[in-house]
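I opened the model today to look up a few local features. My notes follow in the order I took them.

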Amino acid sequence: MNVLKISSAPLHFTTKVNKSQFPKQCLQIPLFSSSFSSSVNRRNRRFKLCASKSTTISTEESANPFEVEAESEQREERFDWYAQWYPILPICDLDKKVPHGKTVMGIDLVVWWDKNESAWKVFDDLCPHRLAPLSEGRIDRWGRLQCVYHGWCFNGSGDCKFIPQAPPDGPPVHTSKRACVSVYPSIVQNDMLWFWPNSDPQYKDIMVTKKPPYIPELDDPSYTKLIINRDLPYGYEVLIENLMDPAHVPYAHYGIIGRQQTKNRKADREGGKPIEIVVRDFDVHGFISNQEVGNSKFVAPCVLYTSFNLPSKERNSRHQDNGTLLLAENNPVTPSTSQRKTMVVFMCIPISPGKSRVIFIPLRNFAIWVNRIIPRWMFHLGQNLVLDSDSYLLHVEERKILDVGPSNWQKACFLPTKSDAKVVALRRWLNKYSDGHVDWRGKFSGILPPSPPKKKLMDRYWSHVVNCSSCKVAYKVLNALEVVLQVMSIASLGILAATKQSLASGAARVLMVSMAILFFAASRWLSHFIYKNFHFHDYNHALR
């Protein structure tokens with residue numbers, strides 16, 4: 001087992017080498033060698049992070065057996081972004097009555113429920129007739145996906161079953177292959193809809209040989225989970241890099257996320273401190289990290305799983321060919337009723353350059369009753385605030401990285417402490433296996449979309465509310481309640497005006513006026529609450 005240990009000044013890996021090559025040795029490998037220079041691909045320079053020297057093992061005897069030429073790095077196993085499973089949305093946030101339009105890896109998808117097969121289907125989001133988006137269509141009474149532009153209908157296999165404009169006694173043009181829609185393999189696992197981004201028929205049964213990463217705790221009834229999904233105004237690389245950075249939490253999320261008090265003298269108000277992080281099992285599938293508060297596992301490309309306060313015997317996790325995330329040596333983690341466990345699962349989804357989606361799932365095996373009495377949307381208020389508190393920072397940071405060029409990332413950024421170990425490991429993983437960025441296969445020019453105004457950048461309604469079944473219902477109910485309060489305010493004044501002055505005592509008139517004022521004030525407060533929690537909540541770090 002390779003053990004990669006990050007240390008500081010400068011950061012480097014400590015690697016236990018294969019005994020057959022170097023018995024009883026423990027060599028230290030610089031993360032970026034002294035001769036590390038940028039190699040920029042001129043056609044895709046904005047997304048490239050290339051190294052002229054690598055840190056692969058050489059069997060030849062030399063003073064530095066780990067220093068090899070760039071072409072050796074290119075012979076490393078490459079990460080195939082289109083041979084992986086990607087989560088789309090949690091099942092609880094998908095409505096079976098309507099089709100849903102989503103984008104993953106630059107692919108526009110339509111997700112819909114096929115009642116004839118009792119299964120979720122994932123199609124290309126375009127009708128073969130005139131390329132209209134099928135996500136704007138409907139599901140007809142026979143359970144087929146109907147394009148609302150000209151009424152073409154498709155079954156769960158992507159076959160066209162009905163073309164209204166074709167004469168019934170004419171040739172069966174609907175049976176043509178050109179009338180079919182591309183279908184992507186999909187599977188529901190851990191209450192999450194996943195899809196395989198290749199519609200070639202050879203991958204139709206890919207779920208038999210390769211499944212998405214499986215997390216047993218997500219299906220364990222002894223754990224409570226709160227799922228939130230949100231689209232974010234920065235790219236996949238910056239998203240997952242930020243989630244691997246524990247040192248930013250007390251600063252970027254000050255006053256939002258509770259922090260553990262330390263007995264040591266605090267150097268500042270926020271209580272930042274050195275963090276020891278060890279990274280190991282680094283390969284094309286991801287890597288594992290250990291730190292004092294818990295263990296993390298990155299399963300490329302989407303899953304980042306962190307378990308807090310695990311017993312030591314559960315620290316030796318392994319990559320499983322079947323996709324199962326195991327934290328024990330030989331068996332999946334089984335919850336202990338006597339031990340309180342807290343876990344977080346992040347699913348990071350590339351949408352397009354400068355855009356990503358996160359599915360955040362905190363879990364715990366205690367205080368389960370809380371989730372049964374407090375509605376899910378109320379938890380989302382706090383979780384959205386956490387995401388908002390560093391959204392603008394990350395949006396700007398991503399553009400600054402692209403300004404200097406991702407290939408110069410290690411030169412532009414100064415990371416002298418061990419707390420950045422996972423960030424460095426991620427950048428090294430991207431550089432080693434994927435040229436430093438997501439492989440978009442030429443779909444995009446390499447230039448990020450213009451930065452919108454901050455109010456639009458951090459808008460919650462289109463990035464979360466419309467995609468969350470709980471928040472969408474709460475939004476409608478609260479808006480209706482606001483209208484009711486306004487009507488009651490006006491009605492109170494109307495009743496007072498309609499009542500003859502001689503029949504209404506002074507106390508009654510005062511009561512009616514007071515009720516009208518209270519109803520109006522409540523409606524104004526509720527309007528502000530709705531806007532702040534369902535549309536836009538600015539975050540000013542200087543006033544925290």
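I began with Asn-190, which counts as buried because its relative accessibility is 3%; buried means under 20% relative accessible area, exposed over 50%, and partly exposed in between, with a 1.4 Å probe and protein chains only. I noted that this is a predicted model, in which local features need pLDDT of at least 70, side-chain atom pairs count only at pLDDT 80 or more, and totals for chains, interfaces and linings use all residues. Residues are numbered from 1 along each chain as its sequence is written, and side-chain values use heavy atoms, with hydrogens and water left out.

Entry: the turn. I found Asn-190 in the loop between β12 and β13; helices (H or I, at least four residues) and strands (E, at least two) are DSSP runs, numbered from the N terminus. Asn-190 is not a glycine, yet its phi is positive, about 55°. Asp-191 lies in the loop between β12 and β13 too, and its phi is also positive, near 60°. With a relative accessible area of 41%, Asp-191 is partly exposed.

Entry: the strands. I saw that β12 (residues 186-189) and β13 pair in the antiparallel sense over 4 bridges; two strands pair if DSSP finds at least two bridges between them. They form a hairpin with 2 residues between them, and Gln-189 stands opposite Met-192 in β13. Strand β3 (residues 86-90) also runs antiparallel to β13, joined to it by 4 bridges, and there Leu-89 has Leu-193 as its bridge partner. Which residues of β13 (residues 192-195) are buried on each side? I listed Met-192 and Trp-194 on one side, and Leu-193 and Phe-195 on the other.

Entry: a cis bond. I checked the peptide bond between Ala-300 and Pro-301, which is cis, with omega about 5°. Pro-301 sits in the loop between β18 (294-299) and β19 (303-308).

Entry: a helix. Buried residues of α12 include Met-512, Ala-516, Phe-519 and Ser-523. An α-helix has 3.6 residues a turn, so residues three or four places apart point the same way. Among what covers the buried residues of α12 are α6 (376-389) and α11 (469-498), where contact means heavy atoms within 4.5 Å.
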